[in-house]
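Colleague: I am new to this structure and would like to learn how to read its features one by one. Could you take me through them, giving the general idea before each case?

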Amino acid sequence: MDKKKVNILRLREMKQQGRKITMVTAYDYAMMTQVDKADIDLVLVGDSAAMTMLGYEGTVPVDMDTMLIFNQAVSRGGKHTFLVGDMPFMSYEVSIEKAVENAGRIMKEGFMDAVKLEGGERMANTVAAIVRAGIPVMGHIGLTPQSAAQLGGFSVQGKNIDGAKQIVKDAIALENAGVFAIVLEAIPSAVAKIITAKVQVPTIGIGAGPYCDGQVLVIHDLLGLFDRFTPKFVKRYAALGEEMQKALNTFAGEVRRGEFPAREHTFTMLEENEERLIAELTEEGIL
Ligand code: KIV
């Protein structure tokens with residue numbers, strides 16, 4: 001495989017060269033082995049796992065120990081892709097010490113290359129402390145799903161001047177705190193354009209328009225594997241859910257018609273051994 005794993009210096013270089021950065025989420029070994037073979041620069045083990053893998057309505061319920069299991073599975077399948085571990089709700093808000101400790105666990109026990117956390121200005125001190133500990137941090141501003149309750153739902157952010165100004169200030173605060181990249185979620189493309197031009201670190205958009213330095217999608221949305229609500233910014237590149245239905249129903253049909261398993265899927269024994277087995281079992285009163 002000639003895929004070369006990116007690092008945070010290469011990502012900055014890609015921004016300078018105008019080479020777009022690609023990122024998807026992944027949560028398990030099988031999916032990660034596929035992503036690892038594809039032309040994808042970054043993987044986020046997102047707390048969206050709470051929805052895509054665990055069936056919750058939002059990202060809030062997932063905890064550190066559960067995220068570490070997803071991190072570890074992904075790390076076993078991702079040898080050529082830069083891996084970012086999302087910090088779950090309440091793993092970094094309580095205190096800076098707790099945030100540094102949990103970021104460290106994601107690196108040491110989850111085998112990630114970096115962590116991501118949500119929040120701009122209000123999280124700048126926490127980000128700076130994690131960076132000082134030697135851990136690369138990706139920021140995440142705009143729509144921050146962990147605070148959806150406080151934001152009044154999963155709605156577009158920064159549509160008015162004050163809101164947009166705050167998001168620009170958030171991006172600048174994160175850059176000053178030392179992040180290596182910033183996810184911009186669900187904001188007008190004009191705001192993403194201003195931020196992308198202003199900061200030196202790459203911006204990765206999801207619902208933030210075409211001017212970002214890169215784009216990220218949740219892999220279940222991209223592959224057509226999530227049939228609950230899909231936001232306007234999602235593009236489906238495959239219909240794997242439909243493919244799975246076809247495969248499962250074909251299997252069920254073949255089993256019911258006695259077509260599966262066929263001879264090539266079946267282990268055999270010598271006919272004389274089969275006859276002797278039945279004879280001996282009968283003699284021993286077992287049959
Ligand atoms: O958890 C996640 O999947 C995310 C992306 C939407 C960026 O944070």
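Colleague: What should I know about the model before reading it?

Modeller: This is a predicted model, in which local features need pLDDT of at least 70 and side-chain atom pairs count only at pLDDT 80 or more, while totals for chains, interfaces and linings use all residues. Residues are numbered from 1 along each chain as its sequence is written, and side-chain values use heavy atoms, with hydrogens and water left out.

Colleague: Which residues does the UniProt annotation "binding site" cover?

Modeller: UniProt positions are given here in the numbering used for this model, feature names are shortened, and annotations may be inferred rather than shown by experiment. In this case the unreviewed UniProt entry places the "binding site" annotation on Asp-47, Asp-86 and Glu-118. These residues span 72 residues in sequence, yet no two of their C-alpha atoms are more than 10.8 Å apart, so they gather at one spot.

Colleague: Where is Asp-47 found, and is Asp-47 buried or exposed?

Modeller: Helices (H or I, at least four residues) and strands (E, at least two) are DSSP runs, numbered from the N terminus, and Asp-47 is found in the loop between strand S2 (42–45) and helix H3 (49–52). Buried means under 20% relative accessible area, exposed over 50%, and partly exposed in between, with a 1.4 Å probe and protein chains only; Asp-47, at 4% relative accessibility, counts as buried. Contact means heavy atoms within 4.5 Å, and, leaving aside neighbours within four places in sequence, the contacts of Asp-47 include Asp-86, Glu-118 and Gln-146.

Colleague: Where is the place of Glu-118?

Modeller: Glu-118 sits in the loop between strand S4 (114–116) and helix H6 (124–132), and counts as buried at 1% relative accessibility. Leaving aside neighbours within four places in sequence, Glu-118 is in contact with several residues, among them Asp-47, His-140 and Gln-146.

Colleague: How many residues line the largest pocket?

Modeller: On a 1 Å grid over the protein atoms alone, a pocket is an open set of points where a 1.4 Å probe fits, with protein on both sides within 12 Å along at least five of seven lines, and lining residues have an atom within 4 Å of a point. Here the largest pocket is lined by 36 residues, of which Leu-143, Phe-154, Glu-185, Pro-231 and Phe-233 lie nearest its centre. The annotated residues Asp-47, Asp-86 and Glu-118 belong to the lining of the largest pocket.

Colleague: Which residues are closest to the centre of the second largest pocket?

Modeller: Of the 21 residues that line the second largest pocket, the closest to its centre are Met-23, Val-24, Ile-40, Leu-217 and Leu-222.

Colleague: How many salt bridges does the count come to?

Modeller: Side chains of opposite charge can pair when their charged atoms come close. A salt bridge is a side-chain nitrogen of Lys or Arg within 4 Å of a carboxyl oxygen of Asp or Glu, and by this rule the count comes to 10. In one of them, the side chains of Arg-105 and Asp-65 meet at 3.2 Å, N to O. Arg-105 lies in helix H5 (residues 96–108) and Asp-65 in helix H4 (residues 64–77), so the pair ties together parts that are 40 residues apart in sequence. Arg-105 also forms a salt bridge with Glu-109, with the closest N and O atoms 2.9 Å apart, and a network of salt bridges links Asp-65, Arg-105 and Glu-109.
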